Amino acid sequence: MRIISTNSYEQMSVMAAGMIAAQVLLKPDCVLGLATGSSPIGAYQELIRMHEKKLVDFSQVKTVNLDEYCGLEPTNPQSYRYFMNKTLFEHINIDLRNTFLPDGMAENAGKESRRYQALVEKLGGADLQLLGIGRNGHIGFNEPNDYFTRDVHEEKLTQSTIEANSRLFGEGETVPTTAITMGIGTIMKADKIVLIAGADKAEIVQEALYGKVTPQVPASVLQLHKDVTVITCR
Ligand code: F6R
């Protein structure tokens, strides 16, 4: 595991974007595993800047996102599909048909989970998976539990995650309580993993990287992966 400590969110974002761009340069038709939330926004902005300077070409890239809220239409500004379109996809030369997220509106979440797992597998898994980390140690929406989940599944969000997510929802908007997420097994099959964590995550990052490997701290499983880069900032 490589751990890179940077001095600012901007520096962390530039480094993460550099690793993603390097992946695309090395394998132009790679599969990128992407995350949503506050942590990757700066990296996505940097990728847009690199694309505008013609430093990176996304025309053959495919993407698979970690997760999507259940019950939100893709046109809902709180949905992760909307976030990805607005924050990254609409600003780079990626074919939207090559960008994938679970369908949060699927009537049968179990069936949709199996479909998304099969899709990720058919694409050969992520060449590089970008991750954020929740304050409770979740990756994707794999919440602390008694066991590590394997495949894509529907997850009931913990109260602390619902509260953390509610900061992005307006008054009167209901914060979803479930999501479809890649499982720990799906995430661990990525060839490379890049985890980015802001200063507010210092404590949980310490516990996840140096503590016991336990499903109570889902990100601790990353200690067992062969190629993880953690980029933190002060
Ligand atoms: C997002 C995701 C989550 C977030 C985590 C941190 O797709 O899967 O695991 O990465 O909740 O969120 P932020 O970056 O908003 O602190």
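The lining of the largest cavity comprises 5 nonpolar, 3 polar and 2 charged residues. The model is predicted: local features need pLDDT of at least 70, side-chain atom pairs count only at pLDDT 80 or more, and totals for chains, interfaces and linings use all residues. Residues are numbered from 1 along each chain as its sequence is written, and side-chain values use heavy atoms, without hydrogens and water.

**Cavities**
- The whole structure holds 2 cavities of 30 Å³ or more (a cavity is a set of points on a 1 Å grid over the protein atoms alone where a 1.4 Å probe fits but cannot get out; lining residues have an atom within 4 Å of a point).
- The largest cavity contains about 50 Å³ of space, and its lining includes Asn142, Tyr147, Glu155 and Pro218.

**Helix α3**
- Because 6 of the 8 residues of helix α3 (residues 80–87) are buried, the helix is largely enclosed by the rest of the structure (buried means under 20% relative accessible area, with a 1.4 Å probe and protein chains only; helices are DSSP runs of H or I, at least four residues, and strands are runs of E, at least two).
- The buried residues are Tyr80, Arg81, Phe83, Met84, Asn85 and Thr87.

**Sheet**
- An open sheet of 3 strands runs in the order β4-β8-β7 with antiparallel pairing (two strands pair if DSSP finds at least two bridges between them).
- β4 and β7 (153–156) are the edge strands, each pairing on one side only.
- β7 and β8 (residues 178–181) pair over 4 bridges, and Glu155 stands opposite Ala179 in β8.

Note on methods
Buried < 20%, exposed > 50% of the residue type's maximum accessible area, 1.4 Å probe, protein only. 1 Å grid on protein atoms, 1.4 Å probe; cavity = no way out; pocket = protein on both sides within 12 Å on 5 of 7 lines; lining within 4 Å. Points joined across faces, edges and corners; volume = space filled by probe spheres on them. Nonpolar A, V, L, I, M, F, W, Y, C, P; charged D, E, K, R; others polar.
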